[in-house]
Amino acid sequence: MHQDLVRFQRRPAAGGGCVGIATLNAPKALNALSLEMIEQLDERLEEWAQDPDVHAVWLQGEGDKAFCAGGDVVALVRELQREKTQRVQPGTYATQYFAAEYRLDYRLHTYPKPLLVWADGIVMGGGLGLTAGGRHRLVTETTRIAMPEVTIGLYPDIGASWFLNKMPPGVGLYLGLTGASINARDALDLGMADRFVPRERGDELLDALCDCHFAAGHVVDAEALVCEVLARFESPEQAPAAQVWPHLDHLRSLVGKGRVEDAVAAITADHSDDAWLAANRKRLTQGCPLTAHLAWHMLKRHRHSSLADTFRDELVVSVQCNVLGDFAEGVRALLIDKDKSPQWRHRDVSSVPAADLGAMFGAPWGKAPGPLDDL
């Protein structure tokens, strides 16, 4: 096992306690999450949650390009191909991978100690799953957040069916359909981040956290101490200009339809020359038709769901995207063969039959207990 795929450090703090630091350590892959990384991180976070010497946890990515660019989707496709050739039940690895990932994400959302996520650089897909669960989500001038699953035939998962619903009406749906990239200011505006801290002050901030008087041997309420430190470092006035907020009413008008087909038609027919809107329009136009349906229906299904129920449902749909959907073809075209010419199963959004969509919501394990039933 490669123990250094995630580096762990217990950094001493004033008072004899410590801050737990976890660093995703696959910078050449933009810290994309392998199953091994997920399992290592989940195991150590559980250990630190029970350790009275650990008063706060800091999660970051190695390198200056990305916190985490998503899950290791190429490995998922490779395993699916192996399962088919070796007559293993298709989706076996996908079930293991997504169950572990969503369990980790749920742990982050419910973590009992201050959890700070340094969301610097690229934050996509699975990286956003890690970020969304942090109690203190810290963004910088280089932060770029996106859920571009429409380009690979997946859909906004990792709890997005739940947290995109927490955004102003219509915005989460637009982001989910188009895979739009947002910056630090947008993340703050939309409730996806808590504080803006300039990148150059990250190390200084971590030093200041370790100067807090965290006593050894017993957990104190560290939240007030952490917030006091963060307040000294945040500089929201330095965040980049908003991309989403200036277009808020326009975005709502585009997606405020009764059917996904009508929303997609409105977005693709929009002739705005704004560069951000144009890039989103192109992404949706070239993206997977089934993904658009899944993004629409998952947000609708989980408008009032608990986070745990959302993860359980997402597990079903994500596995079926591997087994029945376009995921393997999308990953092949974008990341394996890199021809960028995916052959989607359906010509366009209007061509997706109800039966094909309905099949995505059938649990592969039938009536047996699901892997996340204990959340």
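Contact is taken as heavy atoms within 4.5 Å, and axes are lines fitted to C-alpha atoms, for helices over the stretch in contact, with angles from 0 to 180 degrees between N-to-C directions. Helices (H or I, at least four residues) and strands (E, at least two) are DSSP runs numbered from the N terminus. The model is predicted: local features need pLDDT of at least 70, side-chain atom pairs count only at pLDDT 80 or more, and totals for chains, interfaces and linings use all residues. Residues are numbered from 1 along each chain as its sequence is written, and side-chain values use heavy atoms, with hydrogens and water left out.

The chain contains 16 helices and 10 strands. Its C-alpha trace spans about 65 × 50 × 40 Å along the principal axes. The radius of gyration, taken over C-alpha atoms, is compared with a globule rule of 2.2 Å times the number of residues to the power 0.38. For 375 residues a compact globule would have a value near 21 Å, and the chain, at 21 Å, agrees. Of the contacts with a separation of 6 or more, 75% are between residues 24 or more positions apart.

An open sheet of mixed pairing is formed by 6 strands in the order β1-β2-β3-β5-β7-β10; strands pair if DSSP finds at least two bridges between them. Strands β1 (6-12) and β10 (195-196) are the edges, each pairing on one side only. Strands β3 (residues 54-61) and β5 (residues 115-119) are parallel and share 3 bridges, and Trp58 stands opposite Leu116 in β5. Helix α1 (residues 35-50) lies across β1, β2 (18-24) and β3, at about 20 degrees to β1. Helix α9 (residues 223-233) lies across β3, β5, β7 (136-139) and β10, at about 15 degrees to β7.

Buried residues (under 20% relative accessible area, 1.4 Å probe, protein chains only; exposed is over 50%, partly exposed in between) make up 56% of the chain. A nonpolar core is a set of buried Ala, Val, Leu, Ile, Met, Phe, Trp, Tyr and Cys residues joined through side-chain atoms within 4.5 Å. The largest core has 102 residues, among which Leu24 and Tyr174 touch the most other members. Helix α3 (residues 92-109) supplies the largest share of this core, 9 residues. A second, separate core of 21 residues includes Leu116, Trp118, Cys212 and Val229.

Asp120 is located in the loop between β5 and β6 (122-124). Asp120 counts as buried because its relative accessibility is 8%. Beyond four places in sequence, Asp120 contacts Ala66, Phe67, Thr140, Thr142, Thr143 and Arg199.
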